[in-house]
Amino acid sequence: MRNAMIIDPKDNVAVAIEPIAKGTAAVWVAGGKEASVTALEDITIYHKLATRDIAKGEPVVKYGEHIGVAACDIKAGEHVHVHNVEGHRENLEAKE
């Protein structure tokens, strides 16, 4: 049963579309194939979990967009939220 989703193949987090209990599989479709990871903690509905290990300083990608950087190493299946993601603002002046 699918209980999570990703939008873009570049995503390294999935969004829980129902509560996911610690120790159960988070299941989603990526690239037309079903994928899963075991939740390492309880994941609240609409919150994110890592689909793979994310190293400290690596971009966190949701819906194909960078939403921040990992503040610490994040293991596959861990809850991804403000406690382990730092905001990262683009330098728009550098793009001019």
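Start by selecting K10, in the loop between strand 1 and strand 2 (13–16). Strands here are DSSP runs of E with at least two residues, numbered from the N terminus. This is a predicted model, in which local features need pLDDT of at least 70 and side-chain atom pairs count only at pLDDT 80 or more, while totals for chains, interfaces and linings use all residues. Residues are numbered from 1 along each chain as its sequence is written, and side-chain values use heavy atoms, with hydrogens and water left out.

**Stop 1**

Is K10 buried or exposed? K10 is exposed, at 57% relative accessible area. The cut-offs are under 20% for buried, over 50% for exposed, and partly exposed in between (1.4 Å probe, protein chains only). Now show the contacts of K10. Leaving aside neighbours within four places in sequence, they are V61 and G64. Contact means heavy atoms within 4.5 Å. The C-alpha atoms of K10 and V60 are 9.9 Å apart, although 50 residues separate the two along the chain.

**Stop 2: the hairpin and its sheet**

Stay on V60. Opposite V60 stands G68 in strand 7. Strand 6 and strand 7 pair antiparallel over four bridges. Two strands count as paired if DSSP finds at least two bridges between them. In general, strands of a sheet pair through backbone hydrogen bonds, either parallel or antiparallel.

Move to the turn. Two residues lie between strand 6 and strand 7, which form a hairpin. Select Y63 in this turn: Y63 has a positive phi of about 55 degrees.

Now bring in strand 9. Strand 7 (residues 65–70) and strand 9 run antiparallel and are joined by two bridges. Find V69, which stands opposite E86 in strand 9. Together, three strands make an open sheet in the order 6-7-9, with antiparallel pairing. Strand 6 (59–62) and strand 9 (85–86) are the edge strands, and each pairs on one side only.

**Stop 3: K48 and the other sheet**

Select K48, in strand 5 (residues 48–50). Which residue of strand 8 stands opposite K48? That residue is V80. Strand 5 and strand 8 pair antiparallel over two bridges. Zoom out to see an open sheet of four strands, in the order 1-2-5-8 with antiparallel pairing. The edge strands are strand 1 (4–5) and strand 8 (79–80), each pairing on one side only.

Zoom back in on K48. K48 is buried, yet has no salt bridge. A salt bridge is a side-chain nitrogen of Lys or Arg within 4 Å of a carboxyl oxygen of Asp or Glu. The nearest side chain of opposite charge is D11, 11 Å away. For charge, Lys and Arg count as positive and Asp and Glu as negative; His and the chain ends are not counted. Leaving aside neighbours within four places in sequence, the contacts of K48 include V13, I43, K62, E78 and H81.

**Stop 4: the salt bridges**

How many salt bridges does a search of the whole structure find? It finds two.

Select R2 and E34. They form a salt bridge, with the closest N and O atoms 3.3 Å apart. R2 lies in the segment before strand 1 and E34 in strand 4 (residues 33–38), so the pair ties together parts that are 32 residues apart in sequence. E34 counts as exposed because its relative accessibility is 55%.

Finish with R52 and E58. Their side chains meet in a salt bridge, at 2.6 Å from N to O. R52 is partly exposed, at 37% relative accessibility. E58 is partly exposed, with a relative accessible area of 22%.
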